Amino acid sequence: MDEHVPKAIATGLRARGVDALTAQELGADNISDEELIRRATEMKRVLFTNDKGFSVHVAGFYHRDEFFSGVIFARFSLGIGSTLKELHLMAELMDPEEMHNDFRRLP
């Protein structure tokens with residue numbers, strides 16, 4: 001989870017059995033967005049964010065033909081409950097490998 005994501009989302013995912021980490025827990029809450037994408041990739045984790053700016057950084061990875069482990073974006077207006085449902089469903093149905101070099105938006 002990027003630093004902009006409410007802590008309640010990580011807490012809710014953990015309660016549902018999903019292994020979720022926050023940028024703050026990793027001491028990565030003050031690094032650049034691109035570095036956070038790289039850190040998530042090193043850890044073989046998909047990054048979740050509410051920050052629209054990540055789409056620009058993902059485009060940079062595509063442009064440089066640089067591998068990343070995946071980014072999921074949701075608007076703040078989606079709400080915590082709906083976000084939890086969508087992320088939990090994705091965690092249950094998808095293998096993280098399916099997210100490689102992918103940028104997805106939640107409805």
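Guide: Gladly, and let us start with helix 4. In this predicted model, the buried residues of helix 4 are Thr83, Leu84, Leu87 and Met90.

Visitor: What makes those buried residues line one face of the helix?

Guide: Look down the axis of helix 4: its buried residues fall within an arc of 135 degrees, so they line one face. Lys85, Glu92 and Leu93 are exposed on the other side of helix 4.

Visitor: Why would residues a few places apart point the same way?

Guide: An α-helix has 3.6 residues a turn, so residues three or four places apart point the same way.

Visitor: What covers the buried residues of helix 4?

Guide: The cover includes helix 1, strand 1, strand 2 (71-73) and strand 3 (103-105).

Visitor: Why is Leu89 called partly exposed?

Guide: Leu89, which is found in helix 4, has a relative accessible area of 46%. Buried means under 20% and exposed means over 50%, with partly exposed in between, so Leu89 is partly exposed.

Visitor: And why is Phe68 called buried?

Guide: Its relative accessible area is 0%, and the cut-off for buried is under 20%, so Phe68 is buried. You will find Phe68 in the loop between helix 3 (54-63) and strand 2.

Visitor: Which residues is Phe68 in contact with, leaving aside its neighbours within four places in sequence?

Guide: Among them are Ile37, Thr41, Val58, Phe61 and Tyr62, and also His100.

Visitor: How do you know that the buried residues of helix 1 are on the same side?

Guide: The buried residues of helix 1 (residues 7-15) are Ile9, Ala10, Gly12 and Leu13. They cover an arc of only 165 degrees around the axis, which puts them on the same side of helix 1. Lys7 and Ala15, on the other side, are exposed. Strand 1 (47-49) and helix 4 (80-93) are included in what covers the buried residues. Gly17 follows helix 1, and its phi is positive, near 90 degrees.

Visitor: How does anyone find where empty space is left?

Guide: Rolling a probe the size of a water molecule over the atoms shows where empty space is left. Here, the largest pocket holds about 560 Å³ of space.

Visitor: Which residues lie nearest the centre of that pocket?

Guide: Val18, Asp19, Arg45, Val46 and Leu47 do, out of 26 residues that line the largest pocket. Helix 2 (33-42), strand 1 and helix 4 each supply at least two residues of its lining.

Visitor: How many of the lining residues are nonpolar, polar and charged?

Guide: The lining of the largest pocket has 20 nonpolar, 1 polar and 5 charged residues.

Methods
Residues are numbered from 1 along each chain as its sequence is written. This is a predicted model: local features need pLDDT of at least 70, side-chain atom pairs count only at pLDDT 80 or more; totals for chains, interfaces and linings use all residues. Side-chain values use heavy atoms; hydrogens and water are left out. Buried means under 20% relative accessible area, exposed over 50%, partly exposed in between (1.4 Å probe, protein chains only). Helices (H or I, at least four residues) and strands (E, at least two) are DSSP runs, numbered from the N terminus. The arc is that of the directions from the helix axis to the C-beta atoms. Contact means heavy atoms within 4.5 Å. On a 1 Å grid over the protein atoms alone, a cavity is a set of points where a 1.4 Å probe fits but cannot get out, and a pocket is an open set with protein on both sides within 12 Å along at least five of seven lines; lining residues have an atom within 4 Å of a point. Grid points are joined across faces, edges and corners, and a volume is the space filled by probe spheres set on the points. Ala, Val, Leu, Ile, Met, Phe, Trp, Tyr, Cys and Pro count as nonpolar, Asp, Glu, Lys and Arg as charged, and the others, Gly among them, as polar.
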